[in-house]
Amino acid sequence: MLYPFIKLRLKQVFRTIFGIGFFRLSLFLIFVAFLVAGVFSLSANHPSYLTMATIFILGMIQIKHPDKIFLKTHFRHYRLFYLMDCLLITAIIFFCLLWHFQWIDAVILLLCCFAVCFLEVDFTGKTRNTKIQDRIPNVCFEWKAGIRKMFLPIMILWISGIAGSFLIAVVPVVVFFLGILMLEFYGETEPYQFIMAYELGIKRFLWQKIKMQTLLFSTMILPLIFMFLIFHYQYWYIIGIEYVVVISLHIYIILLKYALYVPNSRISGAYSMIGLLFGLIVPIFIPVIWGLSIYFYFKAKQRLNIYLNDYD
Amino acid sequence: MITINNICVSYDIKIIDNLSLSLSDKEIHGIVGLNGAGKTTLLNTVFGLKKPLSGEILYNGQKLSKKEISYLTTENFFYTGITGEEYLSLFKNKKFDVNQWNELFSLPLNQIISEYSTGMKKKLALMGILKQNKPIMIFDEPFNGLDIEACRMIRTILLRLKEQGKTIIITSHIIETLTNLCDYIHYLEAGKIKYTKGKNEFDDFQQELFEAIENKNNKLIGNIC
């Protein structure tokens, strides 16, 4: 049973990758190479950072595992499938850790793969009202829903960021992960009634979305930046550059969402992955993100025209 | 007055074929037709979600704008992870008292919408339409998935909206629902309005329609068993 499952998973991965077209696929492969090189280097110099980041990502994937119900209802040993997923995701990282004889980290990662399979938390389907939602403007439904779905990981990250801000890497790493989590806020498309409820023209609608995202994200990470500047003011440019990169990526994801807008669906993970690779993992390529954002802005204008043409 | 002039709409095949129709103000207009007759396509076109290949739709002589219409679709979609209250807060209307209306609908507005039943989602979508408070209101199968109490309540609300001067367009598969509610019924067949009937003709219309369907069914079923 496991062999067909692995085959199916690989098929899904290949289908997603090839679904993005030849040009983007070439870029994707180049940046996968960069990513692997980054992981390889990190596993030699800072294996514990790599291990911690991988465990966090595995935890997030497990919480949001889309096949959970299917696997639970169809297979008795469904945790074996979870384990397979974890091992497939971490295969390259294991390889890199073992290559550099980082036995302790490799063992910790392996144990965490087992532990993650027993993680049975699901925040997505439950009402979780906090005071934070009240402070978010009504029009930012992505944030209201996003905070509700990811309250715990966001809070853990944010508090860890504040608590560990005396260490130079902590705040940039936390901002990096918060930036990634925010991308997920825009992974789902809303019904067209939501777009029309704004009663704004297309330009003003897109501007409003970008403005609110930037404002809310900046508000959220402001204390982190403040703490970073207190302890490491001489490295202000690190957090400055990271802020620009993350905001650029958020603008990209918003424009991408509306460029490919189909009511009540999800935007392709492959497209967001490209943005992630371009922007966060290889930030020197941020001009490519800016170029793509301009391209998607015009596509978004076309796509939204049918819904907002009467409000211009 | 909404005036639909010779519109043609197509999704690969022609769904609406040279359809013309006048819908008078402050009345309830029912659109009835068999499955696939083009009811939802017609409503989508009136709302502006589908552009007609030809023809035009006017409201009091001007091009009909989305600013003047609200539309309750057959299936109601929401955004996962937001509460009913947050959904309603998207629509701008300070005069609309959500709590007062909710005494009627009894929805758990502080719960996320994915925890709602189908009927509750329909009621929430209806509250959204009411909050928009537009002069033209379109309801595509508003009674689907609702219990008898909710159906009667919606009927009363629609009649009240008509009294307030709204123009209402409604579709339903259940002819009795429309005959009890509408001022006019427009019968759609193969993308065209076959006939329009006023209130005093409803009984004859209903009988004729049922007889025609019965004859057709008897003939077809007689061939099979």
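This tour moves through the structure one selection at a time, beginning with chain A and continuing into chain B.

The model is a predicted one, in which local features need pLDDT of at least 70 and side-chain atom pairs count only at pLDDT 80 or more, while totals for chains, interfaces and linings use all residues. Residues are numbered from 1 along each chain as its sequence is written, chains are lettered from A and ligands numbered from 1 in the order in which they are written, and side-chain values use heavy atoms, with hydrogens and water left out.

**Chain A as a whole**

Chain A holds 15 helices and zero strands; helices (H or I, at least four residues) and strands (E, at least two) are DSSP runs, numbered from the N terminus. Its radius of gyration is 20 Å, close to the 20 Å that the globule rule gives for 312 residues, so chain A is as compact as a globular protein of that length. This radius is taken over C-alpha atoms, and the globule rule is 2.2 Å times the number of residues to the power 0.38. The C-alpha trace of chain A spans about 60 × 55 × 45 Å along its principal axes.

Next, show the surface of chain A. Of the 312 residues in chain A, 47% are buried. Buried means under 20% relative accessible area, exposed over 50%, and partly exposed in between (1.4 Å probe, protein chains only).

**The antiparallel sheet of chain B**

Turn to chain B and select strands E1, E2, E4 and E5. They form an open sheet of four strands in the order E2-E1-E4-E5, with antiparallel pairing. Strand E2 (13-23) and strand E5 (62-63) of chain B stand at the edges with a single partner strand each, so one side of each is left without a neighbour in the sheet. Two strands pair if DSSP finds at least two bridges between them.

Select strand E1 (residues 2-11) of chain B, which is joined to E2(B) by seven bridges. Along this pairing, Ser10(B) stands opposite Lys14(B) in E2(B).

Follow E4(B) to E5(B), with which it pairs over two bridges. Leu58(B) has Lys63(B) in E5(B) as its bridge partner. In the hairpin of these strands, which has two residues between them, Asn60(B) takes a positive phi near 50°.

**A buried strand and its parallel partners**

Select strand E8 (167-171) of chain B. Five of the five residues of E8(B) are buried. Thr167(B), Ile169(B) and Thr171(B) point one way, and Ile168(B) and Ile170(B) point the other way.

Strand E3 (residues 28-33) of chain B pairs with E8(B) in the parallel sense over four bridges, with Ile31(B) opposite Thr171(B). Strand E7 (residues 136-140) of chain B also runs parallel to E8(B), joined to it by five bridges; Asp140(B) has Thr171(B) as its bridge partner.

Step on to Ser172(B), in the loop between E8 and helix H6 (175-179) of chain B. Ser172(B) counts as buried at 2% relative accessibility. Neighbours within four places in sequence aside, its contacts (heavy atoms within 4.5 Å) include Ile31(B), Val32(B) and Glu141(B).

**A helix pair and a buried leucine**

Finally, select helix H3 (residues 98-105) and helix H4 (residues 118-132) of chain B, which pack at an angle of about 145° with their axes 11 Å apart. Among the residues making the contact are Trp101(B) and Phe105(B) of H3(B) and Leu126(B) and Leu130(B) of H4(B).

Within H4 of chain B, centre the view on Leu124(B), which counts as buried at 0% relative accessibility. Its C-alpha atom is separated by 7.6 Å from that of Leu107(B), 17 residues apart along the chain. Apart from neighbours within four places in sequence, Leu124(B) is in contact with residues including Phe78(B), Tyr87(B), Leu107(B) and Tyr116(B).

Methods: Axes are lines fitted to C-alpha atoms, for helices over the stretch in contact, and angles run from 0 to 180 degrees between N-to-C directions.
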